[in-house]
Amino acid sequence: MAMYAMLRRVSSAVLPQLARRTAMASSSSRTFHIALSVLRRETATTTIAPSLRFANAFATKSSADEYLAQVLQSEIQCALEDDHAHHQVEVPVDFPFDIEDNPGERTIQLKGKFGDETIKVQVDIPNVAPGEENEDDENGDNEKNDSESSIPLVVSVFKENGVSLEFGVTAFPDEISIDSLSIKQCEESEDQLAYEGPEFIDLDENLQKAFHKYLEIRGIKPSTTNFLQEYMFAKDNKEYLMWLKNLKNFVEK
């Protein structure tokens, strides 16, 4: 009887532990399968979601690029229909300089000779100032003046030793304004701050006139700059059209 009672106590202690371990094993197995199922769903979602975002972004990019290309084409068409786009400018026979005009650049370079001097001119595209209304005319009517255009020039007169006299010039129709002048040494360092004299407008009036005459006999005169205005307006139109075409080609590739 004592042995039977001991066996019952051992059985009652061992069997619940075995049952709990079996339940825990079953629970762990279910938990593992549930976690694996969730992981598979998350992996699938993670794989699909970026693909959808990429597809949407690609569609948006394509639509934006197509729209931009269409607008650029419309601008190109407008530029082609502009009368100024086909305007051909003929260089006068007596033009005192050789012209170097490279497509894609906003400036042109002029080169000429005057005795033993070399004249170089850099010409930029025109600036156009809006016209102003005239409120003081005799008839009392408001009249709008023509827009005043100008072209910036840098005129350099080189001596044989390489030293040059450099002028900053603004050319208006039938009028030339000297803005600045300075002497440039051939070996002058860019770090040096050379004295460039007073403002040109502050010089003695007779000295100003003498410098204007100095440039005039070297080819910088209204007949030259009036042609350059026409030439640079035509160049500006051509460069703008080429710029639009290059943009459209880039967007479409």
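Where do lysine 235 and glutamate 239 lie? Both are in helix H3, four residues apart, about one turn of the helix. The views below come from a predicted model, in which local features need pLDDT of at least 70 and side-chain atom pairs count only at pLDDT 80 or more, while totals for chains, interfaces and linings use all residues. Residues are numbered from 1 along each chain as its sequence is written, and side-chain values use heavy atoms, with hydrogens and water left out.

**View 1. The whole protein comes to three helices and nine strands.** Helices (H or I, at least four residues) and strands (E, at least two) are DSSP runs, numbered from the N terminus, and in this protein the elements run α-β-β-β-β-β-β-β-β-β-α-α from that end. Of the 253 residues, 24% count as buried, where buried means under 20% relative accessible area, exposed means over 50%, and partly exposed lies in between (1.4 Å probe, protein chains only).

**View 2. Asp101, Lys235 and Glu239 are linked in a network of salt bridges.** A salt bridge is a side-chain nitrogen of Lys or Arg within 4 Å of a carboxyl oxygen of Asp or Glu, and the structure holds seven of them. Lysine 235 meets aspartate 101 at 2.7 Å, N to O, a pair that links distant parts of the chain, as lysine 235 is in helix H3 and aspartate 101 in the loop between strand S1 (98-100) and strand S2 (108-114), 134 residues apart. The side chain of lysine 235 also meets that of glutamate 239, at 2.9 Å, N to O. Lysine 235 counts as buried because its relative accessibility is 2%, whereas aspartate 101, at 24%, is partly exposed. Leaving aside residues up to four places away in sequence, lysine 235 touches Asp101, Asn102, Glu105, Arg106, Thr107 and Ile108, a contact being heavy atoms within 4.5 Å.

**View 3. Aspartate 124 forms a salt bridge with arginine 106, with the closest N and O atoms 2.8 Å apart.** Aspartate 124 lies in the loop between strand S3 (117-123) and strand S4 (127-129) and arginine 106 in the loop between S1 and S2, so the pair ties together parts that are 18 residues apart in sequence. Arginine 106 is partly exposed, with a relative accessible area of 48%.

**View 4. Phe95, Phe97, Phe227 and Tyr231 form one aromatic cluster.** Rings of Phe, Tyr and Trp (its six-membered ring) pair if their centres lie within 6.5 Å, and planes under 30 degrees apart count as stacked, over 60 as edge-to-face and the rest as tilted. Seven aromatic pairs are found in a search of the whole structure; one of them, phenylalanine 227 with tyrosine 231, is tilted, at 5.8 Å centre to centre and 50° between the planes. Phenylalanine 227 is buried at a relative accessible area of 7%, and tyrosine 231 is buried at 14%.

**View 5. Isoleucine 176 has its place in strand S9 (residues 175-184).** Isoleucine 176 counts as buried, at 15% relative accessibility. From C-alpha to C-alpha, isoleucine 176 and isoleucine 220 are 8.3 Å apart in space, although 44 residues separate them in sequence. Not counting residues up to four places away in sequence, the residues that isoleucine 176 touches include Val169, His212, Ile220 and Pro222.
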